[in-house]
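Hello,

Here is the structure I promised to hand over. My notes follow below it.

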Amino acid sequence: MNTASAARVPFEPWNDPKAKPYIRIVNVTKTFGDFVAVDNMNLDIYQREFFSLLGPSGCGKTTLLRMLAGFERPTSGRIELDGVDMSTVPPYERPVNMMFQSYALFPHMTVEENIAFGLRQDGVPKEERNRRVEEMLTLVQLTKFGKRKPHQLSGGQRQRVALARSLVKKPKMLLLDEPLGALDKKLREQTQFELMNIQEQVGITFVIVTHDQEEAMTVSSRIAVMNHGRIAQVATPTEIYEYPNSRYVAEFIGDVNVFEGRLSDVAPDHVVITSAEAGTQVYVDRGTSAALGATVWVAVRPEKLDVSLTAPEQPDFNCVKGTVWDIGYLGNLTIYHVRLADGKKVTAAVANRTRLRDRPITWNDEVYLSWAADSAVVLVS
Amino acid sequence: MTKGLTKINLVALTFGFAFLYVPILILVFFSFNESRLVNVWGGFSVKWYGELFQNEDLLQAAWISLLLAAAASTLSVILGTVAGFVMARFTSFRGRTLFSGMIYAPLVMPEVITGLSLLLLFVSIDWGRGLGTMIIAHTSFCMSYVAVVVQSRLVSFDRSIEEAAQDLGATPFKTFFVITLPVIAPALVSGWLLSFTLSLDNVVITSFTSGPGWDTLPVKIFSAVKLGVKPEINALSTIMIAIVAIGVVTASIVQKRAMVERQRAERMAAAAND
Ligand SMILES: Nc1ncnc2c1ncn2[C@@H]1O[C@H](COP(=O)(O)OP(=O)(O)OP(=O)(O)O)[C@@H](O)[C@H]1O
Ligand SMILES: [Mg+2]
C-alpha cells in the first residue's frame, strides 16, 4: 500500500468523460404502498470505487442496497451492472455479494463452511475451494478460527467472517450495510482502515451504507448524501465538507454556522452578501448561480473561525461580534459558543496549540469572530 | 430470594407431589407383587414381567403402537412443517385467517368427534380399516401440533441468513433445504417427539379407526382393564413409564449440556476478544 501511494495517480474516474460507469442507477423509484422509499434516483458508480451512501435513518439507503443485491425490484427505472441490465436477474445469479448488517452467518456451519458456502454453490472443486477459503481466512486474520461455529466468536470476529464470506466469490461489487455498526469506536476505526486495505488488495467495487459521517469521510472515494429517497449531493469527502451544495448537506456533514442574507454584489470571481442576521457583510471569493438581490445562506465551519478579543484589521467584512456564552474543552479543540447581538448563536472551534492558562478568552468576554474570504460557502437552497 | 422451605410450603409441596405421583408409585409397587390380587401384597417378585414377555398378544400390540407412532409422527413432521411454513411466511393471502383457524381446530376438537368423522370418511370411501387408516387418523391430529411448533420457531427465525444464502448463489429451493431446515431442526425433532407421545397413548381416535387385529397397546390395556386389572398390565405400564422417563431425562440432559457448552464458548469468545 505504501509503495503504491508513493506514486499514486489521483483516482477520479467520475471526472474523466471517457470512463464508463460500472453501476448505473437510472431513474430508479421504489415504493412500498403509498410510501416512496427511493425517489427517481440517478447515480453512476465507477469500478474500484469505495462509494458511501450516507443519510439519516429511513432515507432509503438499505432499500437502494437491497435493489442492487436483487432482494427488491425497482418499482420503475433500471439498474445496470457492467453494461448488463439487472432488473430481472434474481439475487442468486447476480455477480454481487452483500455483507449484512446483522452479519447473517449460518449458525449451523463452521467459519470455514460459512466462507466456502458461496464457492460450493458455484461447484468450485474441493482443492481450489479450500485454497480460497484459506486465503480469505488469512486476509481477515482468522486462520486459527476456521473450525469454530459463529456463536463461538466475538462480534468483531463474526464481522470479519461475514466480510470474508462475501469477498470469497470475488464479486464485481460488494455491498456493505452498516458493516461496522456493532463495533465499539476503537475497533471500528481500526476496521475501517482494514476495510480500505482489503478493498485496495482485492480491487472490488465497494458500496457501503452508513450513517456515521466520520466513517464515510474516512473510507470513501465518493459519498452520496441522501435525503427522503433522493440524492442531495454526490462528491468526494473533501468537496462534500468544503463545498456542500445545500443547507441540508452542510448541516448533515459536521457542524456549521449558517447566516441568512441577501446578495448585494455579484461578480464572476466573488460575491458579497449583506446579512442582517450576522450583522455584517460577507465577502466570498467564489461566484454563485443566484442573482443579485436573491436570498442566500452563508455557511462557515466552526474551525474556520478566528476568535480574538481585539477587532481584526478589516472589521466591515467577514467579522461578527458577540459574547462568549459557553466554552467546551475537548482536549485537542476548544469550542466557543458565542451569542451575537440579536441572539443568534455561533460556534467556533479553535485548536489548542498552547496550554490552557495561555488562552485568555473566558465566559462573558466580548469577542470578534472572523474568517477568510475562501472559508465561507454560499448556499442557494 | 433465598428463602428456605417454610412449613406451609413443605406441606403444600408434599401434597402436590403426592397427588401426582402416589397413583403411579402404587402401580409400580404392585407390578412387583407376587400375588395375583392387585391390592394385596404377597411378597416381591418379577414374575409378571416374565409373563409379559410370553404374552404374544401384548407384544404384537406394542409393536403396532410403535410402528404407528413412528409413521404418524414422521408424516406429521412433513405435513406440519409445510403448514407451519406457510403460516409463518405468507402473512397476507386471501383466507389466511380461515386457514390458520382450521389448522388450530384439531387441537381443541373433542377427540370423539375427530374419530367419528374420520370413521365416517373411511366408511364412505370404503377404505378397509387397518394400519393405513390409523396412520392417517393420527397424522391428522399430530400435524397441528407440529405446525404450531414450526410456526413459532419460524417467527423468530432471522430471515437475513436465507437472503445471505441466496446472495451467495443458492436458489430459494436449495436455501430451504440447506439453511432453513437445518436451523429449525430442533423444532422438528421436538415436534416429532411430541407427535410420537401423543400417538403412542391415543385411545379414542384409535378405537374409531383401527380394524380388527390392529389393536394398539393403549387400546389393549383399556379393554383388558375392563375385565379387571391384571398384574401383567401393571408390569407393562411400569416399563412404559421407565421408557418415557428415560427419554425425557435424556432429552433434557442433552439440551442442558448443549446450552452450557454454548454459553461457555460464548464467554470464552468474548474474553478472547478483549
Ligand atoms: N418492506 C418494506 N415495506 C414497507 N416499507 C418499507 C419496507 N422496507 C423499507 N420500508 C420503508 O422505507 C423507508 C426506507 O427504509 P430503509 O431501510 O431503506 O432506510 P435506511 O436508510 O436504511 O434507514 P436506517 O439508517 O435506519 O437503516 C423507511 O421509511 C421504511 O419504513
Ligand atoms: Mg438501513
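**A helix pair and a sheet**

In this predicted model, the axes of helix α3 (residues 111-121) and helix α4 (residues 126-139) of chain A come within 10 Å and cross at roughly 125°. Helices (H or I, at least four residues) and strands (E, at least two) are DSSP runs, numbered from the N terminus. Axes are lines fitted to C-alpha atoms, for helices over the stretch in contact, and angles run from 0 to 180 degrees between N-to-C directions.

Which residues make the contact? From α3(A) come A:Val111, A:Glu112, A:Ile115, A:Ala116, A:Leu119 and A:Arg120. From α4(A) come A:Arg129, A:Arg132, A:Val133, A:Met136 and A:Leu137. Contact means heavy atoms within 4.5 Å.

Now the sheet. Five strands of chain A form an open sheet, ordered β15-β19-β16-β17-β18, with antiparallel pairing (two strands pair if DSSP finds at least two bridges between them). Its edge strands are β15 (306-308) and β18 (345-351) of chain A, each pairing on one side only. From one strand to the next, the twist averages 45°.

Seven bridges join β16 (residues 319-329) to β17 (residues 333-340) in chain A. A:Gly322 stands opposite A:Leu340 in β17(A).

On conventions: residues are numbered from 1 along each chain as its sequence is written, and chains are lettered from A in the order in which they are written. Local features need pLDDT of at least 70, and side-chain values use heavy atoms, without hydrogens and water.

Best wishes

Conventions
This is a predicted model: local features need pLDDT of at least 70, side-chain atom pairs count only at pLDDT 80 or more; totals for chains, interfaces and linings use all residues.
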